[in-house]
Protein chains: 2
Amino acid sequence: MIKIDLANSLSEKVGLKDGLNRRIFNEELAKNSNLVKKVFNLKNQSGYAFIELAEDTALIKKINGFVKTQKKYKWKNIIVLGIGGSALGGIALRDALLGSYHYLEKKPHLFFLDNIDPDNAHQLLKSIKIEKSIFIVISKSGGTVEPMALYNLVKGLLIKKRIKNYQKHLVFVTDPEKGILRPVGKKEKITMFDVPSKVGGRFSVLSSVGLLPAALAGIDISALLIGAKKMLETIKKSKPSDNPALILALLQYLLDVKRQKIMTVMMPYSNNLFRFGDWYRQLLAESIGKNKSTGPTPITALGATDQHSQLQLYNEGINNKWFIFLHVIKHINNPKLGNHLPVELNFLNNKKLGDVIDAAYIGTSESLAENKRPNITLHIPQINAEALGELFMLFEFQVALLGLLYKVDAFNQPGVEQSKIITKKILSKTI
Amino acid sequence: MIKIDLANSLSEKVGLKDGLNRRIFNEELAKNSNLVKKVFNLKNQSGYAFIELAEDTALIKKINGFVKTQKKYKWKNIIVLGIGGSALGGIALRDALLGSYHYLEKKPHLFFLDNIDPDNAHQLLKSIKIEKSIFIVISKSGGTVEPMALYNLVKGLLIKKRIKNYQKHLVFVTDPEKGILRPVGKKEKITMFDVPSKVGGRFSVLSSVGLLPAALAGIDISALLIGAKKMLETIKKSKPSDNPALILALLQYLLDVKRQKIMTVMMPYSNNLFRFGDWYRQLLAESIGKNKSTGPTPITALGATDQHSQLQLYNEGINNKWFIFLHVIKHINNPKLGNHLPVELNFLNNKKLGDVIDAAYIGTSESLAENKRPNITLHIPQINAEALGELFMLFEFQVALLGLLYKVDAFNQPGVEQSKIITKKILSKTI
């Protein structure tokens, strides 16, 4: 189970100007523990229904059944056409569980075309074998410009290449009833999966949106739900001072509102968890960044890499950030270093590489604390599907709580409409 | 040549509370134009010497000569062991000029091991053919823990695999005289290139640090210097109101200090320029994030992708950001969409994908301006080596100017030492 260490966010460590008094924080936890119950009670409501995804074992069966039917095609590439919440969860899963260099291995490759950059799309589509590729189009409304433009491009390619029964190269993940994509899929007899109507895009990783691409790429999706369910039980049963979601939510809220830590840096000490940080970046920004006055700005950083890029600013710039470290306890592969360095560096001889990154993490979290920059660490026993399930549910629940604390609707995103309207106007005029 | 459009940062567009009055801004440009001369006059000084890199055609010759000698080995992989300024410039070059999917093509692949994550390093090193790989170790001092740990790992591998004449698989890029790596290279007869002693890591992309890996991967490095030189001439000769470096520096400074835009979001509408944003993120953060009270926090975002992740916050959250858009005018490959979308989306039928991303960029920059969020755009005619040379030099010069405006030493990074000391202590104790 994931463990939270919040010592470096408390006044004992960073002072009262930048940290929280332990006793008062515990009182705040107790006072706000009703919010946890409130979120659970709302689980049938639109938005909050992400909680119910952890129970949907029927979906696991359905997806795994579909994956079996696909074995005969020996897909070499699984390519998701989706953007934002339709891509970020899947990318996080891929990098965490297949590794950020998975495309060098001889297994099927999982790609996400989550942009409409013409050079980028061209390079991917010309480098892979279309005949050996399955494309998953993900859009709840079917009206999102980016994936639909890409679908239009890919369908054109499939037809141009005269691929027989091109429908088998396509899967749609969309609203069970509404929207533009559903009737297209029905007419064309394309396999379709549902985006549950009460779940929003950025909370959808544990629905078909994240699970279908993951399962096709060989990820154990039932372990994901087991992890998510365990985390929900922990959140339900823990006393306030041990409740991971409540601790994360209240720390975030109080450090922002009372200590002016207006940016939240998520910094995994793991390449494979870096894109999990990007998933969280959407979740926090779109859910809480509202009303002209609320919402921390999320930032993703990578340990140890960004010690040599951002740590100068973090340690000596304006003290306006809070840091969430993700620390992996056991590395699955942990190569041993040689014995080839001169005396000045002999502390690196015969070490394991994991010892070095662990020491770097401690160096950074402690130096930040010494400079009165509050930070916390999530210690993750090992990166696997169950741990990922725990992490997704933990942060989704945190953000649902933050909606209540900040008194904003965590499940809408009115601020993206204006740009879409202008974009459509431009494209409609130039026909 | 790159063109800057600053209309969306002026009060005419976003109001005086969040933007700058055009007349006053022009006066400020004139008043501060002496700073441009000052930077040029300092070009022999430590730090400022990055300016001289644009003139170093002898280095181009030397590197291209070395690349010729390597042809016979038919390297399949060029792997840089370096972190921070030793990696970010090279990564920016690779993605911009080879494309972010270059590893799917049949050319030599350029990798950057810029972290000490054991699972990540293991996955790369076991997936490639070591016998077909050349490793470039980049560390000015030779004392940086991360690349030296990786060098120790790789040298161990080369020996374990009994590769004959393993020295030919290694190149060092390090200080011309000082440091730990130079004597090791001399003793082992390993080819070495210099990091110029007066140039800091984050300003070193146009030295061997960025040029050597780029040239080995087939990039036209002389065009890079031509672009950099052209940009320097433009900066030298333009009148203040047309001077791109001065405009960028003063806008950044005034919007931060006078309009509380304490975050700077660099948002290229191009996957291939996304990592250029990461290069700039280090340049700005390490150079200006100092003294507990100065320095904007740089953020990298990707258009159009992050419209579906961060735009909600950017448009409706706290108005504390300034945005730099990188807009590519001509896409080298611009696939045409099909004709397969239903009537609701027929504005996407028969378009080019580039039309769609262009419309998305306009939609976002205009919606931000309508919400009084100041932003500028750099219009880049086309992504090529010359344009990259222009961009690197433009932003390096901007940051040198920012050092003078903020009155900080732009070329040191004292804030990263503490973490290094703790890390070394931990590793030394556990031997």
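Two residues are taken to be in contact when their C-beta atoms, placed from the backbone, lie within 7 Å. With that in hand, here's what the model shows; it is a predicted one.

Chain A first, as a whole. The chain contains 16 helices and 10 strands. Its radius of gyration comes out at 23 Å, close to the 22 Å that the globule rule gives for 431 residues, so chain A is as compact as a globular protein of that length. Along the principal axes, the C-alpha trace of chain A spans about 65 × 55 × 45 Å. Of the 431 residues, 59% count as buried. Contacts also reach across the sequence: among those in chain A between residues at least 6 apart, 76% join residues at least 24 apart.

Now for a sheet. Five strands of chain A form an open sheet in the order β3-β2-β4-β5-β6, and the pairing is parallel. The edges belong to β3 (109-113) and β6 (191-194) of chain A, each of which pairs on one side only. Neighbouring strands in this sheet are turned by 20° against each other on average, direction ignored. Zooming in on one pair, β4 (residues 133-138) and β5 (residues 170-174) of chain A run in the parallel sense and share four bridges. One residue to look for here is Phe135(A), which has Leu170(A) in β5(A) as its bridge partner. A helix sits against this part of the sheet too: α8 (residues 181-188) of chain A lies across β4, β5 and β6 of chain A, and it runs at about 145° to β5(A).

How buried is α7(A)? A residue counts as buried if 20 or more other C-beta atoms lie within 10 Å of its own. By that cut-off 12 of the 16 residues of α7(A) are buried, so the helix is largely enclosed by the rest of the structure. Among them are Val145(A), Glu146(A), Pro147(A) and Met148(A), along with Tyr151(A), Lys155(A) and Leu158(A). And what do the buried residues of α7(A) pack against? In chain A, their partners are β2 (77-81), β3, α6 (118-127), β4 and α16 (417-429), and chain B joins in with α14 (353-370).

Chain B can be laid on chain A with an RMSD of 0.0 Å by a turn of 180° and a shift of 0.0 Å along the axis. This is the relation of a two-fold axis. Which residue of chain B comes closest to the rotation axis? That is Ile299(B), with its C-alpha at 3.6 Å. Where the chains touch, 109 residues of chain B are in contact with 109 residues of chain A. On the chain B side, α6 (118-127), α7 (145-160), α12 (274-288), β8, α13, α14 and α16 (417-429) each supply at least two residues. The biggest share of that side comes from α14(B), with 13 residues. Since 100% of the interface residues of chain B are also interface residues in chain A, the copies meet through the same surface.

Finally, a few backbone details stand out. In chain A, a cis peptide bond joins Gly303(A) and Ala304(A), with omega at about -10°. Ala304(A) belongs to the loop between β8 (297-300) and α13 (311-316) of chain A. Chain B has a cis peptide bond between Gly303(B) and Ala304(B), where omega is about -5°, and Ala304(B) lies in the loop between β8 (297-300) and α13 (311-316) of chain B.

Positive phi values turn up in loops as well. Gln260(A) isn't a glycine, yet its phi is positive, at about 55°. Gln260(A) is placed in the loop between α11 (244-257) and β7 (263-268) of chain A. With 13 C-beta neighbours inside 10 Å, this residue counts as partly exposed. In chain B, Lys372(B) is also a residue other than glycine with a positive phi, near 65°. Lys372(B) lies in the loop between α14 and β10 (375-382) of chain B, and it is partly exposed, with 16 other C-beta atoms within 10 Å.

Note on methods
Residues are numbered from 1 along each chain as its sequence is written. Chains are lettered from A and ligands numbered from 1 in the order in which they are written. This is a predicted model: local features need pLDDT of at least 70, side-chain atom pairs count only at pLDDT 80 or more; totals for chains, interfaces and linings use all residues. Two strands pair if DSSP finds at least two bridges between them. Axes are lines fitted to C-alpha atoms, for helices over the stretch in contact, and angles run from 0 to 180 degrees between N-to-C directions. Copies are superposed by least squares on the C-alpha atoms of residues with pLDDT of at least 70 in both. The radius of gyration is taken over C-alpha atoms; the globule rule is 2.2 Å times the number of residues to the power 0.38.
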